[in-house]
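The stops below are meant to be taken in order.

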Amino acid sequence: MFGLSIRAFRIGLLWGLLSALPAGAPGAVAEPAHLPVGNERLQVRGLPPVPEGGPRPVNPLPNTFLLFESEEPLAAFDLDRGLSRSCRAGRFRQQRLRLYSVRLGGYLHAAVIGGRWGLYDPDRLAVPDLVYAMRWQDTGRCEVYVLRHLEQG
């Protein structure tokens, strides 16, 4: 008896939904030409328009020091597999007190300088004065890239 009333309710609900659909639109799917695009879509969803923003700051944290910038992406540099394994094990990483970074291809990446302050390298695997960039530090997929020697001066 209880199962019969739920079935009748479901049928009534389905009938009500189907009768509310417009006659010419199967499944009430809008034509692609009528869908809002761009700023109209944001207004339809109730969101404010996207603000006109300037360029983002190069150093987002006050204790971050930018070493250099390049238009080349990080993947254009050499991946050091041995240091990447050490980084995944937590034996090669950037110390958190004074952070270095590099901007490559428009993205900020953590950077360390071999043999300098700010690098945790107990096995002494880093070459002195060589700049390394790290992606996904403190994770199981950390990657270390060799960038270039630090210019003196």
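The tour goes from aromatic rings to charges over rings and then to a strand and its partners.

This is a predicted model, in which local features need pLDDT of at least 70 and side-chain atom pairs count only at pLDDT 80 or more, while totals for chains, interfaces and linings use all residues. Residues are numbered from 1 along each chain as its sequence is written, and side-chain values use heavy atoms, with hydrogens and water left out.

**Aromatic pairs**

How many aromatic pairs does a search of the whole structure find? There are two. Rings of Phe, Tyr and Trp (its six-membered ring) pair if their centres lie within 6.5 Å; planes under 30 degrees apart count as stacked, over 60 as edge-to-face and the rest as tilted.

Select F65 and Y100. Their rings form a tilted pair, 6.5 Å centre to centre with 55° between the planes. F65 belongs to strand β1 (residues 64–70) and Y100 to strand β4 (residues 99–104), so the pair ties together parts 35 residues apart in sequence. Helices (H or I, at least four residues) and strands (E, at least two) are DSSP runs, numbered from the N terminus. F65 is partly exposed, at 36% relative accessible area, whereas Y100 is buried at 13%. Buried means under 20% relative accessible area, exposed over 50%, and partly exposed in between (1.4 Å probe, protein chains only).

Next select F92 and Y132. The ring centres are 5.7 Å apart and the planes meet at 85°, so this pair is edge-to-face. F92 sits in the loop between α3 (81–88) and β3 (93–94), and Y132 in strand β7 (residues 130–135), so the pair ties together parts 40 residues apart in sequence. F92 is buried at 0% relative accessibility, and Y132 is buried at 2%.

**Charges over rings**

Move to R93 and Y120: the charged end of R93 sits over the ring of Y120, 4.3 Å from its centre. A charge sits over a ring if NZ of Lys or CZ of Arg is within 6 Å of the ring centre and within 35 degrees of the ring normal. Then select R135, which lies over the face of W136 at 4.8 Å from the ring centre.

**Strand β7**

Now select β7, where five of the six residues are buried. Which strands pair with β7? Strand β5 (residues 107–113) pairs with β7 in the antiparallel sense over four bridges, and I113 stands opposite V131 in β7. Strand β8 (residues 143–149) also runs antiparallel to β7, joined by six bridges. Here Y132 stands opposite V146 in β8. Two strands pair if DSSP finds at least two bridges between them.
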